[in-house]
Amino acid sequence: MGWGAAIQDFDNDGLPDLFFTTGMVYPEVEASDPGAPYKTPSVLFRNLGGGKFEELLDLAGPAMKELHSSRGAAFGDFDNDGDMDVLIMNMNEPPSLFRNDMSGGSHWLKVLLIGVTSNRSAIGAQVIATYGGRRQTQAVLAQSSYLSVNDRRLHFGLGQETVASLEIRWPNGNEEKVADVAADCLVVIREGSGIIRKESFDRSSRSGSRPAKA
C-alpha cells in the first residue's frame with residue numbers, strides 16, 4: 001500500500017522522478033497471508049523522458065531495500081548540497097533519512113518565496129521554471145504529502161542548463177517574472193521586489209553544510 005509520495009528531481013537531470021513509501025495497515029495479516037507483508041520497501045522511479053519511467057533497485061542504494069511499514073514522507077535538501085533528500089516516518093520505529101549524494105555535472109536551482117500582500121509563507125504560489133526548452137511548475141503547499149510538508153524551498157533540476165527563467169504566480173493573482181537566473185544557488189524572491197538574496201551551497205561538506213550568502 002502506498003503512502004507518502006512526491007514528484008521530485010532526485011538526479012537533477014531536469015526530469016522529475018517519482019517516489020513513494022509503502023506499508024501495510026494490519027501487521028497480523030502477514031501471519032495468514034505471507035504475500036501481504038507488513039513491512040515493505042520504498043519505491044523510486046527515474047524519469048527517462050517521453051513519458052517513460054524505470055524503477056530503480058540496486059542503483060538507488062541499499063536504503064531503498066530497507067523494510068518498514070512507512071507512512072509520511074517529507075522532501076527537502078537537509079544537508080544543503082544541491083540535491084533532494086527524503087525523511088520517512090515509520091510505524092513504531094525511528095524515522096528513516098535517505099540522504100541523496102548525487103554526483104555528476106547536472107545543475108539545479110532553488111527558489112524561496114516571501115509574500116508581502118500575499119501570505120508571508122507564499123502558500124498557494126506557483127513557480128514556473130523555463131530552461132533549455134522545458135517548463136516545470138511547482139507550488140508552495142501547506143501539506144505536500146501524506147501528513148507531511150516539504151522544505152518550502154522549491155527545487156528545480158536543470159540538467160545541463162546553467163540558467164533558467166522564472167515566472168511567479170502569487171496567491172493574490174499577481175504575476176512576476178525573473179529572467180536569466182544563474183543555476184546552482186538558492187534565490188530568495190520577495191513579492192514585488194524580485195530577487196533580494198542569492199545563496200550558494202558548499203558541496204565540500206555533506207554533513208549539514210550551511211549555505212553561503214552571495
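Biologist: Where does Ser-96 sit?
Modeller: Ser-96 is in strand E7, residues 96-98; strands (E, at least two residues) and helices (H or I, at least four) are DSSP runs numbered from the N terminus. This is a predicted model, where local features need pLDDT of at least 70, side-chain atom pairs count only at pLDDT 80 or more, and totals for chains, interfaces and linings use all residues. Residues are numbered from 1 along each chain as its sequence is written, and side-chain values use heavy atoms, with hydrogens and water left out.

Biologist: Is Ser-96 buried or exposed?
Modeller: Ser-96 counts as buried, at 8% relative accessibility. Buried means under 20% relative accessible area, exposed over 50%, and partly exposed in between, with a 1.4 Å probe and protein chains only.

Biologist: Which residues does Ser-96 touch?
Modeller: Leaving out residues up to four places away in sequence, Ser-96 touches Glu-66, His-68, Val-86, Leu-87, Ile-88 and Asn-90. Contact here means heavy atoms within 4.5 Å.

Biologist: OK, on to the open sheet. What is its strand order?
Modeller: The four strands run E1-E2-E3-E4, with antiparallel pairing; two strands pair if DSSP finds at least two bridges between them. Strand E1 (2-8) and strand E4 (52-55) are at the edges, each with a single partner strand, so one side of each has no neighbour in the sheet.

Biologist: How many bridges join E1 to E2?
Modeller: Five, and E2 covers residues 17-22. Ala-6 stands opposite Phe-19 in E2.

Biologist: Where are they, and which is buried?
Modeller: Asn-80 lies in the loop between strand E5 (70-76) and strand E6 (85-90), and is buried at 11% relative accessible area. Asn-92 lies in the loop between E6 and E7, and is exposed at 77%.

Biologist: Last one. How many salt bridges does the structure hold?
Modeller: Eight, each a side-chain nitrogen of Lys or Arg within 4 Å of a carboxyl oxygen of Asp or Glu. Among them are Glu-54 with Arg-46 at 2.3 Å, N to O, and Asp-58 with Lys-65 at 2.5 Å, N to O.

Biologist: What is the accessibility of Glu-54, Arg-46 and Asp-58?
Modeller: Glu-54 is partly exposed at 28%, and Arg-46 is partly exposed at 27%. Asp-58 counts as exposed, at 58%.
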